[in-house]
Amino acid sequence: VQLQAFGGGLVQAGGSLRLSCAASLRPFSNYILGWFRQAPGKERDFVAAENWSGSSINYADSVKGRFAISRDNAKNTVYLQMNSLRPEDTAVYYCAAGPRWSIVKRDFDSWGQGTQVTVSS
């Protein structure tokens, strides 16, 4: 199983970025997909998760109303649209997949390599 995240970069505060994660999961639709982030010197924290149909979506309080997770099962891809970015959103962002609904890091057993997002003030 492989997940590859991309789309990170440097953006000014208030700007937007869209992260993508392509997954070689079979079948892709069986997996819960999530995004986590890790700032320097901090734990890897939950950001967002979505089930296969989109009927269950959860966000960390810190990103509610600004970030949106979505998935395209036909393209085996999950996205994270990030708007109104803040300097505190600076982190390495990881996509992850798991077999059951969860927002807990240990329940996701497949991880991408991470993509850096830097928000300047």
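Is Trp111 buried, partly exposed or exposed in this structure? With a relative accessible area of 27%, Trp111 is partly exposed, because buried is taken as under 20% relative accessible area, exposed as over 50% and partly exposed as in between, with a 1.4 Å probe and protein chains only. The model is predicted, so local features need pLDDT of at least 70 and side-chain atom pairs count only at pLDDT 80 or more, while totals for chains, interfaces and linings use all residues. Residues are numbered from 1 along each chain as its sequence is written, and side-chain values use heavy atoms, with hydrogens and water left out.

Aromatic pairs were examined next. Rings of Phe, Tyr and Trp (its six-membered ring) are paired if their centres lie within 6.5 Å; planes under 30 degrees apart count as stacked, over 60 as edge-to-face and the rest as tilted. Distant parts of the chain are linked by the pair, since Phe36 belongs to strand β4 and Phe108 to the loop between β9 (91–98) and β10 (110–111), 72 residues apart. Strands are DSSP runs (E, at least two residues), and helices are likewise DSSP runs (H or I, at least four), numbered from the N terminus. Both Phe36 and Phe108 are buried, and the relative accessibility of Phe36 is 1%.

Phe36 also pairs with Trp111, with 5.0 Å from centre to centre and 55° between the planes, which makes the pair tilted. This pair too links distant parts of the chain, with Phe36 in strand β4 and Trp111 in strand β10, 75 residues apart. Through ring pairs, Phe36, Phe46, Phe108 and Trp111 form a cluster.

A charge is said to sit over a ring if NZ of Lys or CZ of Arg is within 6 Å of the ring centre and within 35 degrees of the ring normal. The charged end of Arg44 sits 3.5 Å from the centre of the Tyr94 ring, and also sits over the ring of Trp111, 5.0 Å from its centre.One disulfide is present in the structure, a disulfide being a pair of cysteine sulfur atoms within 2.5 Å. Cys21 and Cys95 form this bond, with their sulfur atoms 2.0 Å apart. The torsion about the S-S bond of Cys21 and Cys95 is about 55°, so the disulfide is right-handed. Cys21 lies in strand β3 (residues 17–23) and Cys95 in strand β9, 74 residues apart, and the pair thus links distant parts of the chain. Cys21 and Cys95 are both buried. Also in strand β9 is Ala96, which is buried, with a relative accessible area of 1%. Ala96 and Ile69 are separated by 27 residues in sequence and by 12 Å in space, C-alpha to C-alpha.

The largest pocket has a volume of about 180 Å³. Its lining comprises 14 residues, of which Arg37, Ala39, Lys42, Asp45 and Glu88 are the closest to its centre. On a 1 Å grid over the protein atoms alone, a pocket is an open set of points where a 1.4 Å probe fits, with protein on both sides within 12 Å along at least five of seven lines, and lining residues have an atom within 4 Å of a point. Grid points are joined across faces, edges and corners, and the volume is the space filled by probe spheres set on the points. Strands β4 (32–38) and β5 (44–50) each supply at least two residues of this lining. By class, the lining holds five nonpolar, three polar and six charged residues; Ala, Val, Leu, Ile, Met, Phe, Trp, Tyr, Cys and Pro count as nonpolar, Asp, Glu, Lys and Arg as charged, and the others, Gly among them, as polar.

Backbone angles were also considered. Most residues other than glycine have a negative phi. For Asn76, phi is positive, near 55°. Asn76 is found in the loop between β7 (67–72) and β8 (77–82) and is buried, with a relative accessible area of 15%. For Ser84, phi is likewise positive, near 50°. Ser84 is found in the loop between β8 and β9 and is partly exposed, at 40% relative accessible area.

Gly112 is placed in the loop between β10 and β11 (115–120). Its relative accessible area is 8%, and Gly112 therefore counts as buried. Gly112 and Lys42 are 70 residues apart in sequence, and their C-alpha atoms are 18 Å apart in space.
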